[in-house]
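Subject: Handover of a structure

Dear colleague,

Please find below the structure that I am handing over to you. The notes that follow it set out what was found.

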Amino acid sequence: MVMNKEIRRLSNFSSLPVLIFVLFMQLSASAIQIGVSLLERFAHIALPEQLVYMIMYIFVYPIGGSLAALIFYKTRKRETGLRLSQTFCRPQMNAGWIIKNMVITWGLSLLMSMVTNIILQILKSLLHLNFTDISFDFGDGIGGFIVSFVSLSIFAPIFEEIIFRSAVYRHTEIMGQSFAVVFSAIVFALMHGNLEQLPYTFVMGLGFAYLFAKTRSLLIPMLLHFLTNTTTVIFTSIIGTTDTDDISAMLSNRDFAAVIPTVLYSLVIYGIIIAAIVLGIIELVRAIRRRERLMGSIFPISGAKKAAVFLTAPVTIITLILLVLFLTLTTINQLILK
């Protein structure tokens with residue numbers, strides 16, 4: 001059937017930048033690790049861990065991300081008219097709407113992160129699992145902060161938004177904006193490759209794609225991505241790995257000054273979550289009353305059939321299998337390495 005063939009072709013090209021980026025990420029990380037090991041073994045040169053991290057992120061994002069975007073736009077520009085420059089424009093929604101929906105996205109993703117952590121802790125206790133937590137420890141001092149800031153606050157927002165919103169979302173949009181929002185959020189969440197981040201990055205991906213769908217400007221999800229990551233980087237560098245036992249010890253020793261950063265961070269997080277819930281309910285009620293909907297699909301078939309055809313495209317199947325495989329391997333490593 002011609003329509004099914006067209007949908008699968010669309011699906012293949014929508015998944016292509018993700019496949020290129022993920023493969024490059026895995027291969028470059030493995031190659032760098034092998035190179036570092038060879039240097040240490042044969043040349044007796046031990047590169048600083050922070051330098052290794054920086055090299056790895058430069059390969060993954062500026063090189064891998066640019067390569068994925070370049071191949072996508074070179075292969076699709078003539079047929080679809082899609083250009084990266086089209087997304088760097090003035091937002092179509094006003095500042096009030098943008099700020100409100102940024103808070104909703106940020107707060108709901110934080111809430112999902114908290115819920116996920118609670119569920120994982122319960123599962124660890126019930127199933128007696130030794131499960132290592134995912135941490136972004138780039139080392140102490142100014143060097144570690146610079147590496148984490150450049151990697152997570154600059155590289156990630158720029159190149160992840162270019163791949164998942166500018167390329168994947170826009171190319172999938174003719175399947176219907178709701179479909180494109182969900183699909184781009186799924187591959188965005190799976191790309192992070194671990195169970196802890198999977199739920200809240202999915203929620204975050206939904207919010208980023210919705211903001212882009214409404215504003216038509218990549219600058220808005222990039223800005224929110226920058227804010228969420230930078231907040232984590234800054235407070236993590238200040239607070240470190242402070243937990244409940246550490247706080248109790250500090251209070252017992254009357255070291256109140258040391259507790260202040262943790263308290264402030266908690267207040268900020270809970271404030272954003274509460275604001276997101278309130279604003280989210282208000283926006284949901286308004287959307288129901290006004291019967292607001294996202295743009296539908298150009299293909300006159302049911303949602304279930306549309307999804308079935310789209311997800312059976314060869315490149316999409318390969319991409320999803322690889323993403324799930326990397327997620328599984330990471331989970332196994334977390335269980336074994338504890």
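I begin with a contact between charged groups: the side chains of lysine 100 and glutamate 283 meet in a salt bridge, with 3D positions that place N and O 2.9 Å apart. Please bear in mind throughout that the model is a predicted one.

Glutamate 283 has another partner. Arginine 286 also forms a salt bridge with glutamate 283, and here the closest N and O atoms are 3.5 Å apart. In this case both residues lie in helix H9, three residues apart, which is about one turn of the helix. Arginine 286 is partly exposed, with a relative accessible area of 38%.

Arginine 76 counts as buried, because its relative accessibility is 4%, while glutamate 79 is partly exposed at 49%. Together with Arg9, the residues Arg76 and Glu79 are linked in a network of salt bridges.

The chain as a whole may now be described. The protein chain contains eleven helices and zero strands. It has 338 residues, of which 43% count as buried. Among contacts between residues at least 6 apart in sequence, 82% join residues at least 24 apart. One example of two positions separated along the chain is given by serine 237 and isoleucine 142: they are 95 residues apart in sequence, and their C-alpha atoms are separated by 9.4 Å. Serine 237 is found in helix H7, residues 219–239, and is partly exposed, at 43% relative accessibility.

Which residues have the most contacts inside the largest nonpolar core? They are Ile7, Val18, Tyr61 and Met191, and the core itself has 60 residues. Helix H1, residues 2–43, gives the most to this core, with 14 residues. A second, separate core of ten residues includes Ile162, Tyr169, Phe212 and Met222. In general, nonpolar side chains tend to be buried together in soluble globular proteins.

Methionine 191 deserves a separate entry. Leaving aside neighbours within four places in sequence, methionine 191 is in contact with Phe21, Val22, Met25, Glu160, Phe164 and Leu323.

The structure also holds twelve aromatic pairs. In one of them, the ring centres of tyrosine 57 and tyrosine 61 are 5.9 Å apart and the ring planes are at 15°, so the pair is stacked. Tyrosine 57 and tyrosine 61 are four residues apart in helix H2, residues 49–80, and are therefore separated by about one helical turn. Both tyrosine 57 and tyrosine 61 are buried. With Phe21, they form one aromatic cluster.

Another pair is made by phenylalanine 155 and phenylalanine 159, whose ring centres are 6.5 Å apart and whose planes are at 70°, so this pair is edge-to-face. These two residues are four residues apart in helix H4, residues 141–172, again about one helical turn. Phenylalanine 155 and phenylalanine 159 are both buried.

A nonpolar surface patch of about 1000 Å² includes Leu108, Ile122, Ile277 and Val285 among its residues. The elements giving two or more residues to the patch are helix H3, residues 95–127, and helix H9, residues 256–290. Helix H3 supplies the largest share, nine residues. Valine 285 is placed in helix H9 and is partly exposed, with a relative accessible area of 35%.

With kind regards

Definitions and conventions:
Residues are numbered from 1 along each chain as its sequence is written. This is a predicted model: local features need pLDDT of at least 70, side-chain atom pairs count only at pLDDT 80 or more; totals for chains, interfaces and linings use all residues. Side-chain values use heavy atoms; hydrogens and water are left out. Buried means under 20% relative accessible area, exposed over 50%, partly exposed in between (1.4 Å probe, protein chains only). Contact means heavy atoms within 4.5 Å. Patches are made of residues with over 30% relative accessible area and no salt bridge: like charges are joined within 9 Å, nonpolar side chains (Val, Leu, Ile, Met, Phe, Trp, Tyr) within 5 Å. Accessible areas come from the Shrake-Rupley method with a 1.4 Å probe; for residues, only the protein chains shown count as cover. A salt bridge is a side-chain nitrogen of Lys or Arg within 4 Å of a carboxyl oxygen of Asp or Glu. A nonpolar core is a set of buried Ala, Val, Leu, Ile, Met, Phe, Trp, Tyr and Cys residues joined through side-chain atoms within 4.5 Å. Rings of Phe, Tyr and Trp (its six-membered ring) pair if their centres lie within 6.5 Å; planes under 30 degrees apart count as stacked, over 60 as edge-to-face and the rest as tilted.
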